[in-house]
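Keep the sequence and the 3D view open as you read.

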Amino acid sequence: MGFRRHRDRWRACGALALIWPWWVISCVDAWAVDFAFDVQPLLARHCYACHGEDLQEGGLRLDRKEAALAGGKSGPAIRPGDGAGSRLVQFVAGVNEKQIVMPTEGERLSADEIGVLRAWIDAGAAWPETSVAKSKAADHWAFKRPQRPGIPATKNDAWVRNPIDAFVAAKLGEQKIAPAPEADRRTLIRRLSLDLTGLPPSAEDVARFVADPAADSYDRLVDRMLDSPHFGERWARHWLDLARYADSSGYEFDAPRSV
Ligand code: HEC
């Protein structure tokens, strides 16, 4: 198998050396290429900018095994066992005068680097499953599985009424800040109402809450406000902002808008 592989390789080298003399240099070290060590860093340095996570020029993505082997808009760019016949190698070597050379910007690959790509494909284009290019996106918090944290111990247990309070108390403790005293009921209902519905409470709501002595009166008040259609409207406003809803044409071109 080794013999046949080498014979094919030299045949390809010879043909290409006629049109491109220094090709032959890269033929010399055309064996024992390691994907993770030799090939992937090279693709990362020279190709990922346009064939990676953010851009897939020509429909080609080279930072993922399946996508890379599937190829681009003109079909497979890698033909395992046939480096010289693979478009990936031909494009970086510039064997076709009509074809722009890859990379289209930046430094061209050296003869050695082209030799590495070709030797890797000649040897079957092995791409171990463990060689996954590090994704920028994978580090983003949105892709991390949420973990339920343990409830922190606090020195202010008397103040803590529920597990969320424990987190607040722990942070206040860290910063050596004492919790503010509890607000009076009138202030409480006003804050809650503005927070949850975006509107001040009605006079009757205030009177009812101030006069309600039950221990769970605050909890019931929260439930009532969460049930209010104004709660939905309040949060829908954020989405409307994101969708750039405006009665005028928006803040950058604030002219009247007719709909
Ligand atoms: C600065 C951007 C850029 C870089 C860097 C770049 N390419 Fe490209 N590549 C392109 C563009 C643009 C096309 C599409 C050309 C077209 O469709 O005519 C392309 C197309 C290709 C194609 C053909 C895909 C198909 O199926 O049509 C191959 C193969 C390719 N590039 C290989 C590489 C390799 C290998 C590297 C790294 C050594 C590389 N490119 C680096 C911009 C780039």
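Helices and strands here are DSSP runs, numbered from the N terminus; a helix needs at least four residues. The model itself is predicted.

Now step back to the whole chain. The protein chain holds 12 helices and 0 strands. Read from the N terminus on, its elements run α-α-α-α-α-α-α-α-α-α-α-α. The chain has 259 residues, and buried residues make up 20% of them. Among contacts with a separation of 6 or more, 49% join residues 24 or more positions apart.

Pro103 sits in the loop between H6 and helix H7, which covers residues 111–122. Most residues other than glycine have a negative phi, and most peptide bonds are trans. The bond from Met102 to Pro103 is cis, with omega near -10°.

Is Met102 buried or exposed? A residue counts as buried if 20 or more other C-beta atoms lie within 10 Å of its own. Met102 has 25 C-beta neighbours inside 10 Å, so Met102 is buried. Leaving aside residues up to four places away in sequence, Met102 touches Phe91 and Val92. Leu88 is 14 residues from Met102 along the chain, and their C-alpha atoms are separated by 8.6 Å.

Ala125 is not a glycine, yet its phi is positive, at about 55°. Ala125 is found in the loop between H7 and helix H8, residues 163–174. Lys176 is not a glycine either, and Lys176 has a positive phi of about 55°. Lys176 belongs to the loop between H8 and helix H9, residues 185–197. How many C-beta neighbours does Ala125 have inside 10 Å? Ala125 has 22, so Ala125 counts as buried. Lys176 has 6 C-beta neighbours inside 10 Å, and therefore counts as exposed.

Finish with a pair of helices. Two packed helices are described by the angle between their axes and the distance between the axes. Helix H3 covers residues 35–46, and its axis comes within 10 Å of the axis of H7. The two axes cross at roughly 120°. How does that angle place the pair? Angles of 65 to 115 degrees count as roughly perpendicular, and those over 145 as roughly antiparallel. H3 and H7 are therefore oblique to each other. Their crossing is left-handed. On the H3 side, Phe35, Asp38, Val39 and Leu42 take part in the meeting with H7. On the H7 side, the partners are Glu113, Val116, Leu117 and Trp120. By class, this contact of H3 with H7 has 6 nonpolar, no polar and 2 charged residues.

Terms used: Residues are numbered from 1 along each chain as its sequence is written. This is a predicted model: local features need pLDDT of at least 70, side-chain atom pairs count only at pLDDT 80 or more; totals for chains, interfaces and linings use all residues. Helices (H or I, at least four residues) and strands (E, at least two) are DSSP runs, numbered from the N terminus. A residue is buried if 20 or more other C-beta atoms lie within 10 Å of its own, exposed if 12 or fewer, and partly exposed in between; C-beta atoms are placed from the backbone. Two residues are in contact if their C-beta atoms, placed from the backbone, lie within 7 Å. Axes are lines fitted to C-alpha atoms, for helices over the stretch in contact, and angles run from 0 to 180 degrees between N-to-C directions. Angles under 35 degrees count as roughly parallel, over 145 as roughly antiparallel, 65 to 115 as roughly perpendicular and the rest as oblique. A crossing is left-handed if the near helix is turned anticlockwise from the far one by less than a right angle, and right-handed if clockwise. Ala, Val, Leu, Ile, Met, Phe, Trp, Tyr, Cys and Pro count as nonpolar, Asp, Glu, Lys and Arg as charged, and the others, Gly among them, as polar.
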